[in-house]
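The sequence and structure come before the details.

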Amino acid sequence: MAFQRAERKKSKARIGLCGPAGSGKTYSALKVAFGIGGKIAVIDTEHGSAELYSHLGEYDVARIEPPFTPEKYTALIHEAEKAGYDTIVIDSLSHAWAGQGGLLEFVDNKSASANKFAAWREATPKHNALVESILQSKSHIIATMRSKTEYVVEQNEKGKAVPRKVGMAPVQRDGMEYEFTIVFEIEQSRHVATTSKDRTDLFNGFCEVLNEEHGKKISDWLNGGAEDHKANYRQVEKELDGAFTPSDVDGILKNRAAW
């Protein structure tokens, strides 16, 4: 094993959009997805809310009905990959954690007959499998997450004190937001997004309503890295399932490069 010069590789988007109800997470996720381009699939847990935006462009939808188990999410992510979707929008990832049949309810039910520690020992691998399906996906992933909310009192333009709803941490397991390359926080009243995390350095000081241009900007950055030849090699080996020799795999990779 030896050290080698660090080099950013081409990669897939891992984008989180957090905000309170009504902040425009679904709309923003679709706008970014259209900017990234390609064939889009939406995993919908919000009672068909994603289909309200069908006038914006073409995308396909699969609904998850309760119970919102992590296994349902993982299965649909894999199904979308096999169907050749370039971008998968998960709307919303929060249901896998705090929705009916999500992991918190799973732990509560298990705790009725066992202790909390034993329940989490069974729940954690389920959550980890979902996270891995997102991180290892061959598609771009855009996931919306509801934010825990609270009210702050501010003065309006007339000097009157008025309450305003603000988003706090996402409704997800602690630290989940750190699994994403970019995390946008969307404000409710104006639907303006800021970044709480950005490994790309594209959105420093960002404060705008998300649109297709931002998705294109992300896509250009992702495609600006070097080819990950080792990852390509492993992928071809997986597709061939060991049926060919290493030289056969090399030949297939050369042909793909020529395409």
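## Contacts of I142

Beyond its neighbours within four places in sequence, I142 is in contact (heavy atoms within 4.5 Å) with I15, L17, A29, V32, A33, I36, T87, I88, V89 and I90.

The model is predicted: local features need pLDDT of at least 70, side-chain atom pairs count only at pLDDT 80 or more, and totals for chains, interfaces and linings use all residues. Residues are numbered from 1 along each chain as its sequence is written, and side-chain values use heavy atoms, with hydrogens and water left out.

## Nonpolar cores

A nonpolar core is a set of buried Ala, Val, Leu, Ile, Met, Phe, Trp, Tyr and Cys residues joined through side-chain atoms within 4.5 Å; buried means under 20% relative accessible area (1.4 Å probe, protein chains only). The largest has 25 residues, and I15, L17, I142, F184 and I218 have the most contacts inside it. Two or more residues each come from β1 (14–19), α1, β2 (40–44), β7 (182–186) and α6. Helices (H or I, at least four residues) and strands (E, at least two) are DSSP runs, numbered from the N terminus. The largest share of this core, six residues, is from α1.

Another core, apart from this one, has 23 residues, including C18, Y73, Y85 and I141.

## Packing of α1 and α6

The axes of α1 (residues 25–36) and α6 (residues 212–223) come within 6 Å and cross at roughly 50 degrees. Axes are lines fitted to C-alpha atoms, for helices over the stretch in contact, and angles run from 0 to 180 degrees between N-to-C directions. The two helices are therefore oblique to each other, since angles under 35 degrees count as roughly parallel, over 145 as roughly antiparallel, 65 to 115 as roughly perpendicular and the rest as oblique.

From α1, the contact is made by K31, V32, F34, G35 and I36; from α6, by E212, G215, K216, I218 and S219.

Methods: Buried < 20%, exposed > 50% of the residue type's maximum accessible area, 1.4 Å probe, protein only.
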